[in-house]
Amino acid sequence: MSLFDLSIKEIHKRLKERQVSVKDLVQASIDRIEEVDHNIHAFLTINEEKALKEADILDEANDAEKGLLYGLPVGLKDNIITAGTKTTSGSQMLKDYSPAFDATVVTRLTNAGAITIGKCNMDEFAMGSSNENSSFFPTKNPWDTKRVAGGSSGGPAAAVAAKEVFFALGSDTGGSVRQPSAFCGVVGLKPTYGLVSRFGLVAFASSLDQIGPITKSVEDNAYVLQAIAGHDNMDTTSAKIAVPNYLSSLQGDIRGLKIAVPKEFLGEGVDEGVRQRIHEALATLEKLGATWEEVSMPHVSYAVAAYYILSSAEASANLARYDGIRYGRRSPHATTLEEAYKFSRSEGFGDEVKRRIMLGTYALSAGHYENYYEKAQKVRTLIKEDFENILTTYDVIIGPTAPTTAFKLGEKTKDPLTMYANDLLTIPVNLAGNPAISIPCGFSEGLPVGMQMIGKPFAETTLYKVAHVYEQATNYHKEKPKL
């Protein structure tokens, strides 16, 4: 058995009994990356020397200094800022950017005893559903290296699935933690908007972005969220609420739990293999004491259109700062100020980023604002009301995380609309701001299928409880790809 097959709780027991050291864990992570990452391409940067030095320091720490994530190597999505370590956001625009400070989540991970082993690959500026939009190279799925890892947090999800790190952090703007977690057979949480600080996250769409943990199990996920959740004065959208004990929520049963299953989540576009796994999971939850009913969310069919207008509009504003003068790569070919702006942006951004900047700029322009941006905001309100209405009667909403399993590399790159549709089941949650978790619920033609559970705002405890009870009744999270 590999160290990476052990839970965080089991690793801490071995550390306490001195069966392993922190340096053993870090070295195991480095060795595994050297062994398999040339096939997966989950990492953009490795912090080998720095991580080993930090391991030596932690091995000398006394018990009072040992935090919740003590000694665990972590991989961070490359849009989470790390002092002294490159943060490229998957883009040539930030290819050589080495920040001077840490994001709040990085500080909290460090305070909890985690060690950043490296930065993980991603779609450029988090814009993509397959990781093929990274300006460096695509990350491949550990279950089948001819297939995508998902996006935009494909690197973090693949790194966890390939046993390169014990956990990872991604960011989720339209499903970018949950969809790659489903494709790679791991657990991914998008917390409630405002629960986890976004300070130090390279902005894509500020009203939608959220940082979330990717782990091997639900219990491990609760450990990580416990360490990173909570108010932050550096983030004006950070919620001032008391952080509950997520680990305590992993107790008890789910007898009497009421589940809503929107018919729109199992309708057209959902593969039959995915649909069957969700029905089997619902049958398992019924045996555990829950009940479920089919419901309707009449406005979610408009979610993808509204999302791409709103997120692109916010992206066009956020990415305006990368002009080669104030921020970002400066073109060596420019001879005038105008060329400096023009060449820096045209050479620094990839095609998908340019497409969304153009879409967002158009939606915000005079004469079109009311027809597109304002209407999309109204749709967003209606979708939020759909969630509120259903979660007044039911405890959780359940459906597939993605309509298909991982698709082949290059299969959808020429058809952006089909690519966008892959997020149709995750996007509504970001528009509403609710929490949602993706957990493994079986396989279709040998590839992992993810089940999405959606809860009320700040009800991550409910999601963890239901997901943990289901996980304990199945073994899908224990299945690992053979690399």
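**Close-up 1. Strand β13 and the second largest cavity in the predicted model.** With three residues, β13 gives the most to the lining of this cavity. Both α6 (178-184) and β13 (447-454) supply at least two lining residues each. The lining consists of Ala182, Phe183, Val274, Ala402, Thr404, Thr405, Pro448, Val449 and Gly450. By class, six of these residues are nonpolar and three polar, with no charged residue. The second largest cavity has a volume of about 30 Å³.

**Close-up 2. The largest cavity and its lining.** The volume of the largest cavity is about 60 Å³. Its lining includes the glycines Gly128, Gly151, Gly174 and Gly175, together with Ala126, Ser129, Ser176, Phe204, Tyr307, Tyr308, Arg356 and Asp423. Four of the lining residues are nonpolar, six polar and two charged. Two cavities of 30 Å³ or more are counted in the model.

**Close-up 3. The largest pocket and the residues at its centre.** This pocket has a volume of about 610 Å³. It is lined by 22 residues, and Ile81, Tyr97, Val202, Arg321 and Tyr322 are the closest to its centre. The lining of the largest pocket is made up of twelve nonpolar, four polar and six charged residues. Tyr322 also belongs to an aromatic cluster with Phe125 and Phe349.

**Close-up 4. The second largest pocket, with α1, α7 and α15 in its lining.** About 380 Å³ of space lies in this pocket. Among its 17 lining residues, Asp5, Ser7, Ser217, His477 and Lys478 lie nearest the centre. The elements giving two or more residues to the lining are α1 (8-16), α7 and α15.

**Close-up 5. The aromatic pair of Tyr246 and Tyr464.** Ten aromatic pairs are found in the whole structure. In the pair of Tyr246 and Tyr464, the ring centres are 5.9 Å apart and the planes stand at 75 degrees, so the pair is edge-to-face. Tyr246 lies in the loop between α7 (218-228) and β9 (258-262), while Tyr464 is in helix α15 (residues 460-472), so the pair ties together parts that are 218 residues apart in sequence. Both Tyr246 and Tyr464 are buried.

**Close-up 6. Lysine charges over aromatic rings.** The charged end of Lys258 sits over the ring of Tyr394, at 5.6 Å from the ring centre. Lys412 has its charged end over the ring of Phe407, 4.4 Å from the centre of that ring.

Definitions and conventions: Residues are numbered from 1 along each chain as its sequence is written. This is a predicted model: local features need pLDDT of at least 70, side-chain atom pairs count only at pLDDT 80 or more; totals for chains, interfaces and linings use all residues. Side-chain values use heavy atoms; hydrogens and water are left out. Rings of Phe, Tyr and Trp (its six-membered ring) pair if their centres lie within 6.5 Å; planes under 30 degrees apart count as stacked, over 60 as edge-to-face and the rest as tilted. Helices (H or I, at least four residues) and strands (E, at least two) are DSSP runs, numbered from the N terminus. Buried means under 20% relative accessible area, exposed over 50%, partly exposed in between (1.4 Å probe, protein chains only). A charge sits over a ring if NZ of Lys or CZ of Arg is within 6 Å of the ring centre and within 35 degrees of the ring normal. On a 1 Å grid over the protein atoms alone, a cavity is a set of points where a 1.4 Å probe fits but cannot get out, and a pocket is an open set with protein on both sides within 12 Å along at least five of seven lines; lining residues have an atom within 4 Å of a point. Grid points are joined across faces, edges and corners, and a volume is the space filled by probe spheres set on the points. Ala, Val, Leu, Ile, Met, Phe, Trp, Tyr, Cys and Pro count as nonpolar, Asp, Glu, Lys and Arg as charged, and the others, Gly among them, as polar.
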